[in-house]
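Here is a short report on one protein model. Keep the sequence and the 3D view side by side as you read.

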Amino acid sequence: MNKNKTTSPPSNRQHVIETAAGLFLIRGYSYTSMDDVMRESQVSKSNIYYHFKSKEELLLAVVNYWAESYERSLFALLSRNELSVEERIMTFLDGLTEGIARRNGHGGCPFVTLYLQCPENAVPVRERIALFFTELRPMLVKLFRQGAAKGEFRQQLDPEQAALLFIACLEGALVLSETTKDLSVMETTVRSFCQMLH
């Protein structure tokens, strides 16, 4: 018996999350209603509320979606030892740039954008965003440590400090690129940062 593998379409739940992920960044969380998500996703309101009891619950699912997406990319790059650390960082940056371009420059950093937009009492959402940045730092520390061990960066480099500064530089570049509508700011900033590590 010949079994052909076919890619199954995403579940309604996943489709709603992906739709909301785009809408929250492009239109803004406050300006996107559950009706907007229903119309854009073409999933019935009853089905949406079956999966998500509130808009805030959907927001948490969206934050998890972005976190898992970024973490997958970073884990994949950590194992690509055939590339230099700088090449891996630039590859990650290319992915970020493509995503922002698809959103017409909106929501440079999904986490900062959604953190600033989410309600003050949305504690689980704020905690999940904080956790993303907490978990991001050790991955970057590992990357910069690899760069120093391979001689790509100076031996005296402090990977912990480099990781923290990189996050700050990247977040600043994401804000600048969104406000100036110039995505090249990110590449210029990250390349300059890497140059400083040599």
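## Val62 and its partners

Start at Val62. Leaving aside neighbours within four places in sequence, Val62 is in contact with Ile17, Ala20, Ala21, Phe24 and Leu114. Contact means heavy atoms within 4.5 Å.

This is a predicted model: local features need pLDDT of at least 70, side-chain atom pairs count only at pLDDT 80 or more, and totals for chains, interfaces and linings use all residues. Residues are numbered from 1 along each chain as its sequence is written, and side-chain values use heavy atoms, with hydrogens and water left out.

## Leu114

Now take Leu114. This residue lies in helix 6, residues 110-117. Helices here are DSSP runs (H or I, at least four residues), numbered from the N terminus. Leu114 has a relative accessible area of 1%, so it counts as buried. Buried means under 20% relative accessible area, exposed over 50%, and partly exposed in between (1.4 Å probe, protein chains only).

Which residues touch Leu114, leaving aside its neighbours within four places in sequence? They are Phe24, Leu25, Leu59, Val62, Val63, Trp66 and Ile129. Gly28 is 86 residues away from Leu114 along the chain, yet their C-alpha atoms are separated by 8.2 Å.

## The largest nonpolar core

A nonpolar core is a set of buried Ala, Val, Leu, Ile, Met, Phe, Trp, Tyr and Cys residues joined through side-chain atoms within 4.5 Å. The largest one has 61 residues. Leu58, Val62, Leu114 and Phe144 touch the most other members. Several helices give two or more residues to this core, including helix 1 (12-26), helix 4 (55-78) and helix 7 (123-149). Helix 4 gives the most, with eleven residues.

In soluble globular proteins, nonpolar side chains tend to be buried together.

## Aromatic pairs

The structure holds 13 aromatic pairs. In one of them, the rings of Phe144 and Phe166 have centres 5.8 Å apart and planes at 70°, so the pair is edge-to-face. The pair links distant parts of the chain: Phe144 is in helix 7 and Phe166 in helix 8, 22 residues apart. Both residues are buried.

Rings of Phe, Tyr and Trp (its six-membered ring) pair if their centres lie within 6.5 Å; planes under 30 degrees apart count as stacked, over 60 as edge-to-face and the rest as tilted.

## Two loop residues

Is Gln42 buried or exposed? Gln42 is exposed, because its relative accessible area is 73%. It lies in the loop between helix 2 and helix 3.

Lys181 is exposed, with a relative accessible area of 58%.
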